[in-house]
Amino acid sequence: MNTRPLLPLLALVLLPSALCAQPAAAPPPAAAQAIDVASGAWEGIVNIDVSVLVPDYREPWNAGQPSGGSGTGFLIGKNRFLTNAHVVSNATRILIRTTNDPEPHAAKIVHIAHDCDLALIEAEDGKHFEKLKPLDFGGIPQLNTEVIAIGYPIGGDRISVTRGVVSRIDFRPYSHTSVDSHLAIQVDAAINPGNSGGPVMQAGKVVGVAFQGFSGRVAQNVGYMIPVPVIKRFLKDIEDGRYDHYVDLAASDFPIENPAQAKALGTNGDGVGVMVGDVEPQGSVADILKIGDVILSIDDNPVMNNGLVRFEGELMDMNEIVERKFAGDTIKLKYLRGGKKLEATVTLKRFDPYVRLGAQYNQRPRYIVNAGLVFQPLDRNLMDAHQMRDDTVNYIFDNFLTDKLYVERPEPVVLTNVLPDEVNTWITPYAHSVVDEINGVKIKTLKDVQTALAKKDKPFIEIVLLEKNRPLVLKRELAEAAHKRIMETYNILEDAYLGDE
């Protein structure tokens, strides 16, 4: 079973029912939801054409591979258009146009949130859109009520309208980063490539943003939209001029549904409480919760033994309470430890090691080249580009969180390539190895590589690779002499990019 984004594929999105959104009233009959495109009421829904430069993680000194795609967006305020992050990710040029005006207008990204797959863009010359009417937001639609998905799928020049019903409201993974999960609404309306970023409407109001669907034979007519609470959280976050990302408790939990387990943990058997299964040492609750604690409530909302809470009149994943908060906000936790009830106030923050496991966008690959040896930080983009098969590399990536490897190596560095030259003969087979030490310096981040290579107190450069039996040794004098030659041979203009610019 695969989920696929809808840039030219739709993108899947799930986020908590954030921010004060209330269930929408039952919609009017289908006939009442007719759309008269000629009336101009829907001119605020725009087609987005995007030119993209896909970063090259195999040869990171290169500009990348040009590509392109299309999607949909809609006006939500003066010269402010909402769309999906995956529609405009890595964009070098963005053009928007309305159904009744074929002239393309240049646009730019104002804010982008990859963790919830939303972006805000604006036209470089907003006067062309001054007379357009912004779309209004509604609430969370009820199950088994009709919605309308509007957009420009499959590269069409005219608006497309499809209808369907709301079939599920749940906490689900978002495919854009592949690691984030939020509240998402499942619909059976046809949502196709190009629909991404378009509004899903009910009773004349936006109740979601189309963003992903299923591919393959597992499911049919299954699409997803980002609900209004997630949208409003994004818009609230950027009010101060920047996006601060989602926060996380950074602790895993297990249901307490076995009576013997409930008794052993000291609960009273009333169906309340989940057991803490793991706590990340750099997470929000690192100094508060311990493995084996029982979380009883979050902000006075009792946590059921299956991890759900009743919030705003509906059952939802307890993490949605946290996801409605922002960086620096606090929550109140009540928990059980050794049969004793305790309370704590938690200041929430982003858990950065988690981000490394997800896909990255809108950034240039970082690297260092020295004597033909290419060093790069380990992340999902690198794993996918190089199709890493080294056992050590795969172990570190797969267990980066579970084994707390990020504590010792917050940014593992990989020797990804050896550009052949007489100075590095016989080293090529060691490509795709994790770097442990260089010249006695422990390599925890890419900057450590730069620091270690700058040490010139010894006549040799000695590189120790993790789980390899022998070090790689280069004669410093020969390596330095060969460096310029290698740079010219492989047409490399910069021997390093550390992301400092």
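## Basis of the description

Local features of this predicted model need pLDDT of at least 70 and side-chain atom pairs count only at pLDDT 80 or more, while totals for chains, interfaces and linings use all residues. Residues are numbered from 1 along each chain as its sequence is written, and side-chain values use heavy atoms, with hydrogens and water left out.

## Nonpolar cores

In soluble globular proteins, nonpolar side chains tend to be buried together. A nonpolar core is here a set of buried Ala, Val, Leu, Ile, Met, Phe, Trp, Tyr and Cys residues joined through side-chain atoms within 4.5 Å; buried means under 20% relative accessible area, exposed over 50%, and partly exposed in between (1.4 Å probe, protein chains only). The largest nonpolar core has 35 residues, of which F375, V435, I438, I443, V449 and I463 touch the most other members. Elements that each supply at least two residues of this core include strands β23 (373-377) and β25 (433-438) and helices α9 (446-453) and α10 (476-489). Helices (H or I, at least four residues) and strands (E, at least two) are DSSP runs, numbered from the N terminus. Apart from this core lies another, of 30 residues, among them I45, F74, L82 and Y243.

Contact means heavy atoms within 4.5 Å. Not counting residues up to four places away in sequence, V435 touches F375, R409, V413, V414, L415, I443, I463, V464 and L465.

## Salt bridges

Side chains of opposite charge can pair when their charged atoms come close. A salt bridge is a side-chain nitrogen of Lys or Arg within 4 Å of a carboxyl oxygen of Asp or Glu, and the whole structure holds 23 of them.

E411 pairs with R366, their closest N and O atoms being 2.4 Å apart. This pair links distant parts of the chain, 45 residues apart: E411 lies in the loop between α8 (405-408) and β24, and R366 in the loop between α5 (352-355) and β22. E411 is buried at 8% relative accessibility, whereas R366 is partly exposed at 24%. Elsewhere, salt bridges that share partners join R80, K108 and E122 into one network.

## Residue Q186

Q186 belongs to strand β10 (residues 181-187) and counts as buried because its relative accessible area is 12%. Its side chain makes a polar contact of 3.1 Å with that of Y224. Such a contact is a pair of N or O atoms within 3.5 Å; within protein, one must be able to donate a hydrogen and the other to accept it, and residues adjacent in sequence count only if both atoms are side-chain atoms.
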